[in-house]
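Student: I have a model open and would like to go through it with you. Could we begin with the strands and then move to other topics?

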Amino acid sequence: MSTSGQGTDLRVCLPVPAHAIMAHLLLTDPLGYAEEEGLRLSFDIVDGPDIAVAGAGEGRYDVAVANAVFAFRMRERGAAVRAFYSTCRGVYRSFAVPVDSPISSLADLRGRRIGTDFPDLLDLAFPTLRDEGLRPEEDVTFLPRSIPIPGVAPSPEELERIASGKLDAIWVLACAYEMLLVEGAQLRRLPTRTLDRLTPSELLYAGEHMLAGNSEALARFGRAVAKASLFCDTDPEAAVRLVWEHFPEARPAAGDEAQALKRDVAGLRGRTERGLPQHGRVPAWGSITAEEIQQWEDFLLRNGGIGERHPLEEYFEPGLVDAFNDFDADAVRAQARAAGQGMSPRPR
């Protein structure tokens, strides 16, 4: 899946198909931000975040997007990859149960069946459960989707499994949780002792070769992502419609547009709200701090997610944040408001 543009080529790897929840990345080109930054982008789709981040470390992709846990898991495997941009700060994964469930805490999940989407993310689910005193390999049963579906959009089959009690809980993306609520699922999140306080939760990754040889292109890409993220937060409905327009595979089926718009806007808001600068330890687009990374490492070490410590600088690159934030935020907001009124979103 390619986009237009002139200049430096960047291959960006997504762990889900083109979907409105990825608008902060997908719209970097249609909104003109990639061209402004001298970038020519292409998007590759793979089956899960583990493949995406490993591919960045191996040089198959220039940038990959995935949960923060992969910064630590990949380093433990010896993969030459680091995070350089935080796309989402607050917790982006949680356990959820039906509103009338007797389950009130993670400890109550003992003996229960939990639905999951990406098996890769059990690398985070298991430490989270251990942190609450459970032995996930013995105390719970994780069930993958019985009918694979693309991306994170809820399916009727998934809703039925929850409503009928075939699943006691789900391990779910924040955006998918919001989409499930729009589709009528009566759910509530279970609080966690530690995970809810960890930031950031989703990151952009690049291989060491890219960070050493072309960090300036990553800085420009991060700035384009910051602009697109602000656009999405300013008018998420306009952002969803633009994704549908420019990425046909993201369009809903004929006759489903009204409900799909509600669902996709809810999913996008579930992501954009958690990505705003004010939710970071440093209130800036894309920021990652050593304190945050240290708390993540402590959590994973304490709960069997990783086996040893590494120097914090092996997990992330903090030096590009000023470049990410060097743009006219008011101009981006004005562009989003104009798009929401039906004007062309391309800058003049």
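Student: Which residue in β3 is the bridge partner of Cys13?

Tutor: The bridge partner of Cys13 in β3 is Ala64. Please keep in mind that this is a predicted model.

Student: How do β1 and β3 run, and how many bridges join them?

Tutor: Strand β1, residues 8–14, runs parallel to strand β3, residues 63–67, and two bridges join them.

Student: What is the strand order in the open sheet?

Tutor: The order is β2-β1-β3-β10-β4, which makes five strands with mixed pairing. At the edges lie β2 (39–45) and β4 (81–88), each of which pairs on one side only. On average, neighbouring strands of this sheet are turned by 30 degrees against each other, with direction ignored.

Student: What holds paired strands together in general?

Tutor: Strands of a sheet pair through backbone hydrogen bonds, in either a parallel or an antiparallel arrangement.

Student: Now β6. Which strands does β6 pair with?

Tutor: Strand β6 (residues 113–116) pairs in the parallel sense with β7 (residues 141–144) over four bridges. It also pairs in the parallel sense with β8 (residues 169–173), over three bridges.

Student: Which residues face each other there?

Tutor: Arg113 stands opposite Thr141 in β7, and Gly115 has Ile170 in β8 as its bridge partner.

Student: Next, cysteines. How many disulfides are there?

Tutor: A search of the whole structure finds zero disulfides.

Student: Is Cys232 buried or exposed, and what about Cys175?

Tutor: Cys232 has 0% relative accessibility and therefore counts as buried. Cys175 likewise counts as buried, at 0% relative accessibility.

Student: Changing topic: how do helices α10 and α15 cross?

Tutor: The axes of α10 (residues 215–234) and α15 (residues 329–340) come within 9 Å and cross at roughly 45 degrees. The two helices are therefore oblique to each other. The crossing of α10 past α15 is right-handed.

Student: Which residues meet at that crossing?

Tutor: From α10, Lys227, Leu230, Phe231 and Thr234 take part. They meet residues of α15 including Ala329, Val332, Arg333 and Ala336.

Student: Why would residues a few places apart in a helix point the same way?

Tutor: An α-helix has 3.6 residues a turn, so residues three or four places apart point the same way.

Student: What about α7: which of its residues are buried?

Tutor: In α7 (residues 156–163), the buried residues are Glu157, Glu158, Leu159, Arg161 and Ile162. These buried residues pack against β5 (93–98), β7, β8, α8 (174–182) and β9 (187–189). Just after α7, Gly165 takes a positive phi of about 85 degrees.

Student: How far is Glu76 from Pro318?

Tutor: Their C-alpha atoms are separated by 20 Å, and Glu76 and Pro318 are 242 residues apart along the chain.

How values were computed. Residues numbered from 1 in each chain as written. Predicted model: local features only at pLDDT ≥ 70, side-chain atom pairs only at ≥ 80, totals over all residues. Heavy atoms only, no water. Disulfide = S-S within 2.5 Å. Buried < 20%, exposed > 50% of the residue type's maximum accessible area, 1.4 Å probe, protein only. Pairing = 2+ DSSP bridges. Axes fitted to C-alpha atoms, helices over the stretch in contact; angles between N-to-C directions. Parallel < 35°, antiparallel > 145°, perpendicular 65-115°, else oblique. Left-handed = near helix turned anticlockwise from the far one by under 90°. Contact = heavy atoms within 4.5 Å.
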